[in-house]
Amino acid sequence: MSIDTTKACTDFQITEHLFSFQGFEYYVRVVPSREPVTVPIVMLGGSSQDRYTWPRHEERLIRAGTVITVDLPGYGNSDFLPSEFGLDFLADALHHALDSLGHSAVNLMGACYGGAVALRFTQRYPAAVRRLCLAGMILEVPEYYVKAVSRWTDLLGRGDRAGVARDLVDLFTSPPTAGTVRKHKVMSRILFKQFMDRTDQGVRMDLEHSARLLRHGMYAEGTLPDIPCLVFTGEHDILTPPHQGRKVAALFPQAQFTTIKETDHLCGLERVEETAELWARFFSDQPYDDLGFFHPLEG
């Protein structure tokens, strides 16, 4: 079933769709480009992000192509998804969304948890991906994250949501000694407030995302297509550090890797205009090596 709700905007119209896949309902947001120069751009965010995380990026990306953001099952206000369903299921749900919208090929961007879904989708549906961008992505769940999930479960069991919020800030943002990070204090406050303001269902979904990764892992070895791939993270990222990002890039014959200056794990939100410009150029096959906000490209 699809419910198409049109919202009038200044320069374009946004459509939102409600789809159902194997009994789970989920939402898709489509921001059309008036003069696209490439296939649609699909954005998959982290576990606590949803289809409304990217409006400032959308404004720039629609110069290149139509932008699609998806609240897959387990995200946003889509249906809750038990952790017994792994990344294969989420990749298949994304394929269902694109097939329902009539798109056989897309440009794909995945950030953090969304990067794991994007990578799995690329493995399962290689012909559907023209170009792939992965931000803040690693291949294995680190031990410190496993311990963090255990702490969060214990803290929430004692009703200490603020304790979890502080822990999330410490995990997702770099310490002051790491180096200059733009909007560091602002992003720390936003992260804390966002978690404190989340509904009980939202917190439950966050924990289930983590349980899914612990149960199924982030990456399953398999064939990957020979497509243009760009991998990046913040130069001061402590959650998905640069040396792990290089391992991701090494999976692809054509991949390039870089780090964004003066950012940590939240580089896409700390430097919105710059990262949106990078994505727009990469997805439309325009040169981007002249942009000065990241370190020299590797690969």
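G268 is buried, at 13% relative accessibility, where buried means under 20% relative accessible area, exposed over 50% and partly exposed in between, using a 1.4 Å probe and protein chains only. G268 lies in helix α9, residues 267–270. Helices here are DSSP runs of H or I with at least four residues, strands are DSSP runs of E with at least two, and both are numbered from the N terminus.

Leaving out residues up to four places away in sequence, G268 touches H57 and T275; contact means heavy atoms within 4.5 Å. The C-alpha atom of G268 is 15 Å from that of L291, a residue 23 places away along the chain.

## About the model

This is a predicted model, in which local features need pLDDT of at least 70, side-chain atom pairs count only at pLDDT 80 or more, and totals for chains, interfaces and linings use all residues. Residues are numbered from 1 along each chain as its sequence is written, and side-chain values use heavy atoms, with hydrogens and water left out.

## Helix α4 and its two partners

Let us turn to helix packing. Helix α4 (residues 143–157) and helix α5 (residues 161–172) have axes that come within 8 Å and cross at roughly 160°. Axes are lines fitted to C-alpha atoms, for helices over the stretch in contact, and angles run from 0 to 180 degrees between N-to-C directions. The two helices are therefore roughly antiparallel to each other; angles under 35 degrees count as roughly parallel, over 145 as roughly antiparallel, 65 to 115 as roughly perpendicular and the rest as oblique. Their crossing is left-handed, which is the term when the near helix is turned anticlockwise from the far one by less than a right angle, with right-handed used if clockwise. On the α4 side the contact includes Y144, Y145 and W152, and on the α5 side it includes R161, V164 and L168. By class, the residues of this contact are nine nonpolar, one polar and three charged. Ala, Val, Leu, Ile, Met, Phe, Trp, Tyr, Cys and Pro count as nonpolar, Asp, Glu, Lys and Arg as charged, and the others, Gly among them, as polar.

Helix α4 also packs against helix α7 (residues 200–216), at an angle of about 145° and with the axes 11 Å apart. This crossing, too, is left-handed. From α4 the contact takes Y145, V146, V149, W152 and L156, and from α7 it takes V203, L207, S210 and L214. Eight of these residues are nonpolar, one is polar and none is charged.

## Helices α2 and α3

What angle do the axes of α2 and α3 make where they cross? Helix α2 (residues 87–101) and helix α3 (residues 113–124) cross at roughly 75°, with axes that come within 8 Å. They are therefore roughly perpendicular to each other. L87, D88, L90, A91, D92, L94, H95 and L98 of α2 meet Y113, A116, V117, R120, F121 and R124 of α3. The contact has nine nonpolar, one polar and four charged residues.

## Cysteines and positive phi angles

How many disulfides are there? The count is zero, with a disulfide taken as a pair of cysteine sulfur atoms within 2.5 Å. C133 is in no disulfide either, as the nearest cysteine sulfur, that of C229, is 7.4 Å away. C133 is buried, at 0% relative accessibility.

Most residues other than glycine have a negative phi. C112, in the loop between β6 (106–111) and α3, has a positive phi near 55°. K183 has a positive phi of about 60° and sits in the loop between α5 and α6 (184–197). K183 is partly exposed, with a relative accessible area of 36%.

Is H236 buried or exposed? H236 is buried, with a relative accessible area of 16%, and its place is in the loop between β8 (229–234) and α8 (242–249). Leaving aside neighbours within four places in sequence, H236 is in contact with S174, A178, G179, T180, V181, T263 and D264. The C-alpha atoms of H236 and G157 are separated by 32 Å, and the two residues are 79 apart along the chain.

V31 belongs to strand β3, residues 24–31. V31 is buried, at 0% relative accessibility. Its C-alpha atom is 36 Å from that of G179, 148 residues away along the chain.
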